[in-house]
Amino acid sequence: MLAEPVKPKLRGAQEDRLRKVWEGPKGWRILSDVNNQTVGVWYSATCFAFMLGAGVLALLMRVQLAVPDNDFLSAGTYNQFYTMHGSAMMFLFAVPMFEAVSILLLPAFLSARDLPFPRLSAFGYWSFLVGGVFVLGSILFGVGPQSGWFMYPPVSMQEEGMGPDIWLLGLSFIEVASIAAAVELIVGVLKCRPPGMRVNLMPLYAWYVLVVGGMILFAFPPLIAGDFLFELERALGWPFFNPEKGGDPLLWQHLFWIFGHPEVYIIFLPSIALTAMVVPTFARHPIVGYSWIVLSAVGTGFLSFGLWVHHMFATGLPTMSLGFFSAASEAVVIPTGIQLFAFVATLMVGRVKMGLPMLWIAGSLAIFTAGGLTGVMVAVAPFDWVVHDTYFVVAHLHYTLFGGFVFPVIAGVYYFAPVVTGKMLSERLGRWAFWLSFAGFNITFLPMHLTGLVGMPRRVFTYPGGLGWDWLNMLSTVGAFVIAAGFAVLAWDLIRPKSKEPKAPRNPWEAGTLEWSADPDESWGARSVPYVTSRYPLWDQDEFVERANAGQGYIPDAPEMRRETLITSVIDARPIQVLRVAEPTWITLVAAFFTAGAFILPVFHLYTLAGVSGALAIATVVVWLYRSARDHPEAETKDAGLGLRLPLYVSGPAAVGWWGMWITMLGDSTAFASLVFGVFFYWTARPDFPPEGAVHADLPLALASLALIAVAWALTLGARMLNTRGRPWLATLCHAIGPVLTLAGGAALVLAVRDLDPTTHVYPAIMWALVVWTTAHLGVGVLMQLFCLFGLLTADFGPRHDAPLWNVALFWHFLGLTALVTVACVALLPRLL
């Protein structure tokens with residue numbers, strides 16, 4: 001795969017064209033940028049700012065708890081700070097920071113020019129920013145939620161004001177942004193690897209991105225489903241969590257912790273990924289046990305979904321359930337331990353150089369190991385009964401999160417700063433920040449184990465003296481301010497002027513992975529996409545950096561003046577397409593603004609304006625997608641370099657859009673499955689489900705609805721097949737009839753449950769919830785059919801350019817299955833119970 005050297009004059013012309021094509025907008029127009037480097041920096045900085053805000057709330061809480069009977073904060077204010085501290089750290093820092101770092105660095109890890117959906121990344125960022133400011137800013141007006149970051153009913157149901165709605169709708173909006181980022185990252189790992197980088201050669205960071213992205217798809221949707229039920233109860237009085245009408249607050253705990261415990265590993269695994277990149281570099285040795293680490297990461301992700309009930313050991317669940325989930329909680333230690341021991345083994349067989357990033361990694365391993373040991377303790381149900389809802393659990397949580405996430409992320413900041421900024425951060429300030437943070441952390445949280453064991457409960461805003469808690473709380477408060485000093489040093493190191501400092505060497509740590517071949521002064525990512533034959537190409541492949549930066553790789557030029565990246569096959573990274581990626585645009589910001597209105601305005605009961613904003617958001621997204629879909633390349637193929645010609649347009653499973661739809665619908669189906677889980681939960685947990693003499697859905701109408709939707713599905717699939725076979729007029733007819741049948745099917749489904757009053761009992765309420773979810777998706781299905789109809793009528797979607805028809809047909813496969821399950825649950829299952 002070697003190419004002839006590029007002549008200096010030609011090389012200069014190529015670089016000039018690439019530089020012009022990938023140049024970002026200037027001035028205020030930079031807000032329209034979609035480049036992963038720009039969006040990733042924005043995302044990371046915003047996450048860090050939210051973390052600092054949440055940290056200030058923690059300091060204020062520690063001041064309140066420093067001495068007994070303190071009145072520094074009122075009970076309501078303390079509860080707002082407590083709720084928002086946990087919510088911000090989890091939803092506005094931990095998970096988004098993984099996505100921010102991945103958007104920023106993943107293309108560099110893969111020598112890709114950009115991720116496949118740059119506008120989706122930008123849309124996710126603006127949604128995150130608006131949602132985060134809305135949620136965190138609520139405390140400035142004294143209207144923040146007060147029921148804890150887990151919002152347990154019935155307490156949260158009894159909370160007055162708009163606080164719970166801010167939490168439910170604001171964080172649901174942010175979760176949508178997180179899922180959008182997960183889709184972008186998964187497709188990026190699967191389809192944007194350089195040629196030759198088979199799955200067994202991927203950097204470990206890419207493997208972790210794949211695992212964590214999949215976990216987000218399965219963990220976040222249950223919480224979105226729970227938020228959906230919660231808001232229906234608050235807004236419409238549907239009694240999902242009201243025991244007086246057949247509801248059960250335990251369903252919320254199940255849905256929340258099905259999200260909440262995998263989220264701990266969603267936070268932990270990306271930091272392990274950063275560790276996996278730093279350790280081999282400073283050990284001067286390839287990672288030991290690569291395959292075992294990959295299998296352990298997958299195993300950790302899988303097992304994490306079987307642990308959620310260990311947060312519910314004190315709720316009175318059957319003993320058999322406690323035993324199963326206790327065993328599962330102990331079992332997850334095995335794959336976690338394998339990963340940590342692999343890092344230790346790499347350090348043992350290598351020649352370790354203790355640089356600043358490695359110092360932070362060493363601190364993280366020490367803290368996380370201590371947190372893991374207390375995790376084994378709380379996984380044992382009898383011990384958990386003793387320390388449940390005490391400060392022992394607070395200490396355990398922070399040991400795992402600080403050691404498992406915060407310290408490795410800071411190590412990554414110091415390690416990757418030259419890749420992002422071209423400048424090194426200060427060694428002296430970095431060491432001050434480490435020792436202040438490390439010492440302050442242990443001074444703060446180590447005593448909390450004892451505070452909890454002597455009986456101090458969580459979530460209390462004050463306490464009487466003489467209980468043995470006084471000195472422990474004062475010690476923890478002092479330690480919190482030491483941590484704050486460490487983060488202040490870190491923040492100054494990040495923002496201090498560096499213009500007069502020398503430029504960092506291209507590869508200051510002498511690492512072996514692809515990101516160090518990129519030039520931080522250029523916005524094009526990879527100068528040319530290389531052919532990879534090793535996990536550490538900079539170590540193993542001769543003159544790798546020189547050849548890549550001399551243009552001796554794939555797509556070294558941009559003669560058509562379009563932004564492009566290389567698309568490869570999923571398993572063996574075989575080149576299959578040169579993809580034209582999106583350029584700067586305002587439409588992502590506009591779409592995020594209108595989407596924010598659809599989520600935020602209902603908090604203030606402005607439902608009409610929310611509906612208008614939602615309609616404008618949908619219209620904006622439709623315009624966005626249609627403009628992209630009709631942008632056909634000027635030629636069938638192009639010279640991709642190294643003697644290879646590749647198509648510029650593909651559809652079906654070869655296309656990134658098809659994979660994006662598949663992955664999106666996987667997450668959507670998980671949310672729907674969570675609603676179905678609710679049906680079976682009520683059936684098994686409530687003796688009055690369905691209640692005696694309950695009115696059931698109209699079976700003939702429900703079956704008629706299913707038949708109409710099935711025909712609409714067949715027409716959608718048939719339209720794609722007919723268009724591919726060169727019969728676009730028949731495909732147009734199918735997409736003209738399909739929306740009519742879909743609307744009729746949705747109407748029949750609603751009429752089938754018209755006699756069920758969802759305010760009287762949880763049985764009609766959950767039936768209506770399924771119908772509302774399905775009919776909303778049918779509405780999306782109609783929009784997609786009309787989208788294809790318009791494209792066929794304008795000849796924009798012909799037999800050669802049929803990717804939208806493939807994607808819509810794939811959506812309808814999931815929609816058809818959703819309708820089938822809904823009809824079975826609504827009309828058939830109740831008659832069998």
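Me: F256 and F259 both sit in helix α8, so how are they separated along the helix?

Reply: They're three residues apart in helix α8, so about one helical turn separates them. Keep in mind that this is a predicted model. F256 is buried, with 0% relative accessibility, and F259 is buried too, also at 0%.

Me: How many aromatic pairs are there, and how do I read the angle between the planes of F256 and F259?

Reply: The count comes to 73 aromatic pairs. To name a pair, look at the angle between the ring planes: over 60 degrees is edge-to-face. The planes of F256 and F259 are at 75°, with ring centres 5.7 Å apart, so this pair is edge-to-face.

Me: Is H777 buried or exposed, and what is it in contact with?

Reply: Under 20% relative accessible area counts as buried. H777 has 12%, so it's buried. H777 lies in helix α24. Leaving aside neighbours within four places in sequence, H777 contacts D668, F811 and L815.

Me: Which ring does the charged end of R535 sit over?

Reply: The ring of Y290, with the charged end 3.6 Å from the ring's centre. Also look at R720, which lies over the face of W806, 3.8 Å from the ring centre.

How values were computed: Residues are numbered from 1 along each chain as its sequence is written. This is a predicted model: local features need pLDDT of at least 70, side-chain atom pairs count only at pLDDT 80 or more; totals for chains, interfaces and linings use all residues. Side-chain values use heavy atoms; hydrogens and water are left out. Helices (H or I, at least four residues) and strands (E, at least two) are DSSP runs, numbered from the N terminus. Buried means under 20% relative accessible area, exposed over 50%, partly exposed in between (1.4 Å probe, protein chains only). Contact means heavy atoms within 4.5 Å. Rings of Phe, Tyr and Trp (its six-membered ring) pair if their centres lie within 6.5 Å; planes under 30 degrees apart count as stacked, over 60 as edge-to-face and the rest as tilted. A charge sits over a ring if NZ of Lys or CZ of Arg is within 6 Å of the ring centre and within 35 degrees of the ring normal.
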